[in-house]
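Here is a short report for a reader meeting this structure for the first time. Please look at the sequence and the fold before reading on.

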Amino acid sequence: MTLLALGINHRTASVAVREQVAFTPTQLETALIELRNLPQISEAAVLSTCNRTELYCVTDAAGEQAVLNWLGRFHNLRVDELARCAYHYLDNDAARHLMRVAVGLDSMVLGEPQILGQLKDAYQQARQSKGLGGELERLFQHTFAVAKQVRTETGIGKNPVSVAYAAVSMASRIFDDFGRARALLIGAGETIELVARHLHEAGVRQLTVANRTRERAELVAGPLGGTAITLQEIPDALEHADIVISSTASPLPILGKGMVERALKKRRHRPVFMVDIAVPRDIEPEVGELADVFLYTVDDLEEVIQENRRHRQVAADQAESLIEHGVGSWQHERRIRNGGELIRDYRHHGEALRDLSRDQALERLARGEDPAKVIERLAHQLTNRLLHQPTQAIRDAASEEHHELLNAAPRLLLPVKPAFETTPAPTVNRQKDDTPA
């Protein structure tokens, strides 16, 4: 079986494409069950964030195409279009990619801390949907251990910078006095919590958090002295907002062009700064066409992110080294496990032949046959049965000139001889010389 990582991320596709392949929370359970039930798949996990959708699977030889076909069917997209922006990694490369994702080396913001939590959520969802077996279970656990080591031993996680921070940093370049700005945050997940904290630390004191449930919005807004509202109250709040930052899991836009136009009229066309961090997008792209709106998506935060990348490059190099060591240890453990499985299967085969020969011998003894002849037949029969398959394999290898197999056969099948054998010196019986001198 092969370990496969197949995905689409911010480097290979625009936000317009990424939002089409993203999985909403309500879709994930169904997606995991469907993916796991493909004939080519024995284990599966799905990671879906604003910047990436990745599928981790244990597959047979045809698994990659099967997974790509399934992804197209699930999202009603053409497979050839997906293939143009998809990437895939196998076995060691797949393990390396997962570890790089976990520590933020593959993120838009180098070393950003949120991805590890998102990956742990994906792991738990896969477990709950019975998508994990021994292979992915061990890989994820090993990955989490490597990520912890990287965070502990390098500076990759110091002064954490995220997409949320990048959004606030961009807003600070537009507003001279953050203390007078009013912010409307849509959503109440981890990203919006970070946005709210960064805005508060930057001096914004007038925060409004809108969410599907007021109670969840209150958990974000309350500690910062903000106001909690529901999504239905957004039109009224929008006319007072100088900054709008949105990150929800809604499959459809929350802010439409018409709603924003009405708010702008009431604002007497005072400009609004908007950042849509969500994938799929929360704000209709047409909103960006309005004269008094400055609309940005996650793809527009690249300048802030590149500055962050320069500061963290040394720590990233250290992290890459730790990941290589982590991949090597995972590969070593995997080889040992594979060897153990082969040994177990071979022993089961030998034990089955032993039991068959033993039962036949006991039947002959029960019929009164000569015990000595029964034992002799048992030994002969068991030897032939144990040697038949290896003997036939050697003959086939010789016939087909499989030299690597023939060279390995003596080491696998014949007893190891000592490198040096010490032969005792012969004892010489010397007779007494009676010849006179």
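The report covers annotated domains, aromatic pairs, salt bridges and a surface patch.

## Basis of the model

This is a predicted model, in which local features need pLDDT of at least 70, side-chain atom pairs count only at pLDDT 80 or more, and totals for chains, interfaces and linings use all residues. Residues are numbered from 1 along each chain as its sequence is written, and side-chain values use heavy atoms, with hydrogens and water left out.

## Annotated domains

An unreviewed UniProt entry annotates residues 6–154 as "domain: Glutamyl-tRNA reductase N-terminal". The span is 58% helix and 16% strand. Its end C-alpha atoms lie 28 Å apart. Helices (H or I, at least four residues) and strands (E, at least two) are DSSP runs, numbered from the N terminus.

The unreviewed entry also carries "domain: Quinate/shikimate 5-dehydrogenase/glutamyl-tRNA reductase", covering residues 170–304. Here the end C-alpha atoms lie 7 Å apart. UniProt positions follow the numbering used here, feature names are shortened, and annotations may be inferred rather than shown by experiment.

## Aromatic pairs

Rings of Phe, Tyr and Trp (its six-membered ring) pair if their centres lie within 6.5 Å; planes under 30 degrees apart count as stacked, over 60 as edge-to-face and the rest as tilted. By this rule there are ten aromatic pairs. F23 and W70 are stacked, because their ring centres are 6.1 Å apart and their planes meet at 15°. F23 sits in the loop between α1 (15–21) and α2 (25–36), and W70 in helix α3 (residues 63–75), so the pair ties together parts 47 residues apart in sequence. Both F23 and W70 are buried. Buried means under 20% relative accessible area, exposed over 50%, and partly exposed in between (1.4 Å probe, protein chains only).

F140 and F144 form a tilted pair, 6.1 Å centre to centre with 45° between the planes. Both lie in helix α7 (residues 134–153), four residues apart, about one turn of the helix. F140 is buried at 1% relative accessible area, and F144 is buried at 14%. Ring pairs link F140 and F144 with Y56 and Y123 into a cluster. K120 lies over the face of F144, 5.7 Å from the ring centre. That label needs NZ of Lys or CZ of Arg within 6 Å of the ring centre and within 35 degrees of the ring normal.

## Salt bridges

Side chains of opposite charge can pair when their charged atoms come close. A salt bridge is a side-chain nitrogen of Lys or Arg within 4 Å of a carboxyl oxygen of Asp or Glu. The structure holds 24 of these salt bridges. R52 bridges to E54, with the closest N and O atoms 2.9 Å apart. R52 is buried at 2% relative accessibility, and E54 is buried at 1%.

R96 and E324 form a salt bridge with closest N and O atoms 2.6 Å apart. R96 lies in helix α5 (residues 91–102) and E324 in helix α13 (residues 302–366), so the pair ties together parts 228 residues apart in sequence. R96 is partly exposed at 22%, as is E324 at 39%. Salt bridges that share partners join R11, R52, E54, R100, D106 and E320 into one network.

## A surface patch

I394, L412, L413 and L414 make a nonpolar surface patch of about 400 Å². Patches are made of residues with over 30% relative accessible area and no salt bridge: like charges are joined within 9 Å, nonpolar side chains (Val, Leu, Ile, Met, Phe, Trp, Tyr) within 5 Å. Accessible areas come from the Shrake-Rupley method with a 1.4 Å probe; for residues, only the protein chains shown count as cover. L412 lies in helix α15 (residues 403–413). L412 counts as exposed, at 69% relative accessibility.
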